[in-house]
Amino acid sequence: MSVKINENYLLLQNSYLFIEIARRIDEFQKNNPEVDIIRMGIGDVTKPLTPAVLNAFKKAVAEMGDEKTFMGYGPEQGYPFLIETIIKNDFESLGVNLELDEVFISDGSKCDTGNIQEIFDLNNKIAVTDPVYPVYVDTNVMAGRTGHIKDNGMYEGLVYLPCIQENDFVPELPKEKVDIIYLCFPNNPTGTTLNKEQLAKFVEYAKENESIILFDAAYEKFITEDDVPHSIYEIDGAKEVAIEFRSFSKTAGFTGTRCAYTIVPKELKAVDSYGNLQSVNELWNRRQTTKFNGVSYPVQKAAEATFTEEGKKEIMDNIEYYMNNSKIIRESLANIGLSVYGGVNSPYIWVKTPNDMDSWDFFDLLLNEANVVGTPGAGFGSSGEGYLRLTAFNSLENTKKAMKRISELSF
């Protein structure tokens, strides 16, 4: 065989986090087929599509079966009807002005945050928070930006910004010049946030250092506190230095339906090897029109329905349902003496493991003794060791049952 592989893939850790979790669950379930496992690990929602969304979806599917209303290839960037609705509802209310061709509809913010690195040079210095959503790291490893992983679980070529209890889960600014900074707030996995003043410092750093911020705001609709920005573009000057990613997955139950959007402002520029400024918006547009055929018409009509008066109420009811679960998890774990973070502006709860137990041992304890699945913090980076992430996306009944089971454990 003479065909060579991309050896950067061999630099990845042995198993993608959620694949390893699934493997352990499958093994446990095989040996204990009668056990009822409560899954609070992977952040998949449990509430179905709401009536307003479902009605719009069905109507659009029916249109696809009528020759007069059938829709073939749509615009790769998304239909104007959805983009206009997004701008009006999600950004004008924040005082943020966007043009239609600055919004790109996609099939998921995971896909976009993973794919966006393609349009940037391999020699860019990348900074990520630690712990971190694995996709940010793994896609840069695949591209060849990182080098080998070290004994401490960090890659040679990345700059890590710790988000730990000692700094209230607020990352410090990079101590060296970096070109691209991944930020996710409300944060996955810690569930914590930055206020406007804290986020403004990153925007200022990016402007001073000619850096670009990749801002994952997939959980912004779960924000409950006033001083937490819903968009990085609420910060003056952010359109010159930031790309923002948003999703319908967790807010509207589109994890299986697939729809998201990415904002790439026209003010955002990067340089080529000759020092000439190039439009990042145009580069992303070129990438998408080459490698992506767009989100289906029925899905985009369903997404549009989330912004109707009826749709907004239904979706907010679902969000409040999940956030009530979050409150139950926080209070239950705190009552048995565990240190708990997040869950106020996010559906994620970040739990300190008891007695200095490592993350995977705590995962196994919960799985084997309480039959509850979380996500080991170590899977999100070295600073996640000693923590476990739980999600609020299960049913109220299961959430209460899981907390009862955990409260009966002896740590």
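Reply: A salt bridge here is a side-chain nitrogen of Lys or Arg within 4 Å of a carboxyl oxygen of Asp or Glu. By that criterion, the count between domain 1 and domain 2 is zero salt bridges. The model is a predicted one, and the rest of the account should be read with that in mind.

The chain is split into domain 1, made of 7-48 and 310-408, and domain 2, covering 68-308. Taken over C-alpha atoms, the centres of the two domains lie 25 Å apart. Domain 1 puts 35 residues into the contact, and domain 2 puts in 48 residues.

Between them, domain 1 and domain 2 bury about 3400 Å², and carbon and sulfur atoms give 61% of that area. On the domain 1 side, the residues that lose the most area to domain 2 are Leu11, Asn345 and Phe380, which together make up 20% of what that side buries.

Several elements of domain 1 face domain 2. Helix α10 (309-335) and the strands β11 (340-342), β12 (348-352) and β15 (387-391) each supply at least two residues to the touching side. Of these, α10 gives the most, with seven residues. Sorted by class, the side of domain 1 that touches domain 2 consists of 18 nonpolar, 13 polar and four charged residues.

Methods:
Residues numbered from 1 in each chain as written. Predicted model: local features only at pLDDT ≥ 70, side-chain atom pairs only at ≥ 80, totals over all residues. Heavy atoms only, no water. Domains from an automatic or database assignment. Contact = heavy atoms within 4.5 Å. Buried area = accessible area lost by both parts, 1.4 Å probe. Helix = DSSP H or I, 4+ residues; strand = E, 2+ residues; numbered from the N terminus. Nonpolar A, V, L, I, M, F, W, Y, C, P; charged D, E, K, R; others polar.
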